[in-house]
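Colleague: I am new to this structure and would like to be walked through it. Could we begin with how the chains meet?

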Amino acid sequence: MNWIAIGSITDIPPRGARCVETPQGKIAVFRTTDDQVFAIDDHCPHKGGPLSQGIVHGAAVTCPLHNWVISLETGKALGADEGLVRTIPVKVEGERLFIALEALASKAA
Amino acid sequence: MTEKLVIIGNGMAPGRMLEHLLEAAPDRYAVTIFNAEPRVNYDRIMLSPVLSGEKAFEEIVIHGDGWYIKHGITLYKGHRIVAIDREAKTVTSDHGVTESYDRLVIATGSVPFIIPVPGKDLPGVLTYRDLDDVNAMLLAAQSRAKAVVIGGGLLGLEAAAGLKERGMDVTVLHVMPTLMERQLDPAAGYLLQKAVEARGIKIMTKANTKAIFGNGKVEGVELMDGTIIPATLVVMAVGIRPSIGLAKEAGLEVNRGIVVDDRMRTSDPAIMALGECAEVGGHVYGLVAPLYEMARVAAAGLANSEERRFVHSDTPTKLKVTGIDLYSLGDFADGEDREEIILRDASAGIYKRVVLQDNRIIGTVLFGETADGAWFNDLKKKATDISEMRDTLIFGQAFQGGVSSDPLAAVAALADDAEICGCNGVCKGKITGAITTKGLTGLDDVRAHTKASASCGSCTGLVEQLLRLTLGEAYNPAAVQPMCGCTSLGHDDVRRLIKAKGLKTIPAVMQELEWKTSCGCAKCRPALNYYLVCDWPDQYADDYQSRFINERVHANIQKDGTYSVVPRMWGGVTSAGELRAIADVVDKFEIPMVKVTGGQRIDMLGIRKEDLPAVWADLGRAGFVSGHAYAKGLRTVKTCVGTDWCRFGTQDSTGLGIRIEKFMWGSWTPAKVKMAVSGCPRNCAEATCKDVGVVCVDSGYEIHFAGAAGLDIKGTEVLGLVKTEDEALEVIVALVQMYREQARYLERIYKWAKRIGTAEIKRQILDDADKRKAYYERFVFSQKFAQVDPWSERVSGKDKHEFRPMASVGFAEAAE
Ligand code: SRM
Ligand SMILES: Cc1cc2nc3c(=O)[nH]c(=O)nc-3n(C[C@H](O)[C@H](O)[C@H](O)COP(=O)(O)OP(=O)(O)OC[C@H]3O[C@@H](n4cnc5c(N)ncnc54)[C@H](O)[C@@H]3O)c2cc1C
Ligand code: SF4
Ligand code: FES
């Protein structure tokens, strides 16, 4: 896997998110209360709302536009809604964070 | 082509008919309604609780304005139809609107009968039929003076009880020897009289009114026997007459009512009639149950969907005076071929009488204990032979067939087709069926889905028993609505415990109050954050991760993920300098849309998040601060031009508005707070639909509150009149602080006020000077920490991370 460094876990507020710009669009990187880190596309499966701007609770985020709740672990919409957003592998080494962008890696090769 | 359906009258009968019609044939007609009353369709039955103060008018609205919009129905409020042209197929209103129809429905209801005595037209003589009558009575009741109600029937007694409740000294005059003689036998009438008198209402029977007298307004009533009863208010409730004038002039066949067949068709095939104005099979009606049946029949006819026919049935009468239980049904005159069974329990004030003919019930009167009404009604309707249970019949259902006297068991024993809700003709099976198939959990659900207990409400107890029976332990009517799935506590408990236990952080609240989730959810966290900000302004550190994005970045998110920026324009006043600065910002950042808002200021829409700090920096240089257009906090104070310019202005409304806004901006509140100050009662700043409003008058400042103009529309209530600007500011600040401390998160002022009562708010804010001062001081203290411009904070670097991506990756590789 091609791990790309994106910064430090301390760059993200607990129960918050930051964006990473990529050629494939924005990726939202989340940090939970217990310092787990997740990355998903910053694009709500409902109407494309920016998930990075939502409220983070447990391992889920509530979309700021119409309150869909998305699981950070699976990318699936929880509750009565149905939808899926792409999840991106994350690696934490000490404080340093890496994400894996498969498609990019193969393009680069 | 859609046919045109025109309806004259917007009362309970046509309202119900439209519901059925929209269900059966939603797009068949273009519907236009003309209503002489200047309002939407409401539950007329519930006017008595409005009069007595148990309910507010908004609670009895059946179809709000939104309903008509949603269904594309045109409603002309305050238009009385004065002519029907059957040749041209048009109707014309008193305001000159003419509308053509393919099908016409006449539902003009009834008019109160006015006894033709001298003085009947004096000011202060009212009838009891619509909201205007209730409002007039409430106004009169403020005097706490003497009232006379003429008529000891259902309406008269409800009016008397309401006026008494409002503090008037009430006398009821009834021409017959006993009360409600048409529905009650003399024994029950006597018990009723005692019960009414026990509440301090005087009753005079065999009282024949000779004249109403007064000089310019009512001063009293004179009886035939010469007795004089002083009064400043006289309510005539002696009966109703179907309103048939319009139909008669149009040449339709009329008798007591507009004559219709059992499919509600008048003598003109294009015209139907229903409601109290209609006469079918020789009967006219004055209770809603048969009118609702007419509504079903008429809707079926209009939809051509089924051949439904109207069948006469007796409707039980119940008196809606809290604390007096009375039920009467059918025929109970004495007669050769009739037998009766009577139960009297003088000490308990109970009287029951069942009238039988050929071993079948034909009439029932219950006083003091009415729980078995539905059961007797069922036996009567089915003409059940009661010989077998004759000895125990009068003791009620609980004593039959060994069933225990548990009320739940009694309801359980009812047959599925037993009628529970008389008004809406809903039987037991329909209710239990809806509870199970639709997963209903509470009374409101049942009302919404089946209409049971949604009209006069007297079967509410039975419906609750059915809920308990069907849902078992799962039904808990007293249960508070929990804040969200993370806790079983409601908002009020959480607010109370935060204070009582001195909880000062979100984790502390969650720990101490045993939250079920690790860190809450998007519903409870913003609420908790607000409660803590409000309760510990100097100690609590605002948790931005618990704020909705708009409040976190101090701009409104748009559907494409860009933001809008609305700077404050104090009191709606701006200047060339400010406008130039806005124009420059718009050019520099290529802002795609600039719009004047409904709140008297300017909105710049479509700004990229990254640009926000730079936009604010430029605006800040011109003196702008955040307009909090995103906040559950103080939004705008709209003003009009006032004494400075306007020829009608009585006070400096612009100045006061600016003063209030400068004093209160930055404060967080449970839901948004919008205000306005108008310079005179012409009210150009629309102060009477705001959360808080001021209407300036010559003698000072009239403070209004609890208005709404968004999802709901509601005029404000008057808090009181104060003489100076300083007093106005103090009262307003204290009111808002009380709201900040007590309301539930997301509850606008009008909802909070309804929940805790305007009287209580007046008492604390206007009457109790110490309380008012204390609220005021607490607000001022909290402003020390709140009144910080969030934009300039961010321009100087706070929360920088919010406005910049964390990293930019992959671009180089992709380019290779
Ligand atoms: C900009 C503006 C429309 C306009 O172009 O004129 C507007 C725009 C929005 N309104 Fe409004 N309302 C605007 C005046 C009003 C008014 C009229 C007024 O304030 O005089 C009302 C009726 C009065 C009232 O508040 O009750 C109004 C009743 C609402 C409601 C219904 C609130 C309610 O409780 O009934 C919402 C929904 C909500 O708050 O949940 C809402 C929500 C919104 C939101 C925030 C929708 C959202 O959640 O994103 C819109 C934000 C657009 C943006 O980014 O700027 N807006 N909105 C007005 C801003 C006024 C200002 O200067 O601050
Ligand atoms: C205080 C009170 C308590 C009551 N309590 C009960 C109760 O407990 N149980 C019960 O079953 N019933 C009760 N009723 C009776 C019940 O409210 C009526 O039977 C029912 O409202 C009649 O409905 P309707 O549609 O026929 O007429 P209404 O509801 O009277 O509506 C008629 C409407 O037509 C309008 N109108 C009339 N003429 C014209 C015209 N020419 N052009 C345009 N519009 C016109 C009127 O302004 C009115 O709004 C009570 C009534 C009152 C007043
Ligand atoms: S009415 Fe208000 S909330 Fe609705 S679209 Fe317009 S601005 Fe948005
Ligand atoms: S776009 Fe996310 S909920 Fe609608």
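Colleague: How much area do chain A and chain B bury between them?

Modeller: This is a predicted model. In it, chain A and chain B bury about 2,600 Å² between them, and 62% of that area is on carbon and sulfur atoms. On the side of chain A, the three residues that supply more than any other three are Arg15(A), Gln53(A) and Ile55(A), with 26% of the area that chain A buries against chain B.

Colleague: And how many residues does each chain bring to the contact?

Modeller: Chain A brings 33 residues and chain B brings 32 residues.

Colleague: How many salt bridges cross the interface?

Modeller: The rule finds one salt bridge between chain A and chain B. It joins the side chains of Arg15(A) and Asp543(B), at 3.0 Å from N to O. Arg15(A) is also one of the three residues named above for their share of the buried area.

Colleague: What about polar contacts across the interface?

Modeller: There are 12 residue pairs in polar contact across it, with both residues at pLDDT 80 or more.

Colleague: Which elements of chain A give two or more residues to the side that touches chain B?

Modeller: They are strand 1 (3–8), strand 2 (16–22), strand 5 (55–57) and helix 1 (102–108) of chain A. Strand 2 gives the most, with six residues. By class, this side of chain A has 18 nonpolar, 11 polar and four charged residues.

Colleague: Which strand of chain B does strand 2 of chain A pair with?

Modeller: Strand 2 of chain A pairs with strand 41 (residues 807–808) of chain B, in the parallel sense and over two bridges. Within this pairing, Val20(A) stands opposite Ala807(B).

Colleague: Changing topic, how many aromatic pairs are there over all chains?

Modeller: The count comes to 13. In one pair, Phe663(B) and Tyr776(B), the ring centres are 6.0 Å apart and the planes are at 25 degrees.

Colleague: Why is that pair called stacked?

Modeller: Planes under 30 degrees apart count as stacked, and the planes here are at 25 degrees, so the pair is stacked.

Colleague: Where do the two residues lie?

Modeller: Phe663(B) is in helix 20 (residues 653–664) of chain B, and Tyr776(B) is in helix 24 (residues 769–786) of chain B, so the pair ties together parts that are 113 residues apart in sequence.

How values were computed: Residues numbered from 1 in each chain as written. Chains lettered and ligands numbered in written order. Predicted model: local features only at pLDDT ≥ 70, side-chain atom pairs only at ≥ 80, totals over all residues. Heavy atoms only, no water. Contact = heavy atoms within 4.5 Å. Buried area = accessible area lost by both parts, 1.4 Å probe. Salt bridge = Lys/Arg side-chain N within 4 Å of Asp/Glu carboxyl O. Polar contact = N/O pair within 3.5 Å; in protein donor to acceptor, adjacent residues only side chain to side chain. Helix = DSSP H or I, 4+ residues; strand = E, 2+ residues; numbered from the N terminus. Nonpolar A, V, L, I, M, F, W, Y, C, P; charged D, E, K, R; others polar. Pairing = 2+ DSSP bridges. Phe/Tyr/Trp six-rings, centres within 6.5 Å; stacked < 30°, edge-to-face > 60°.
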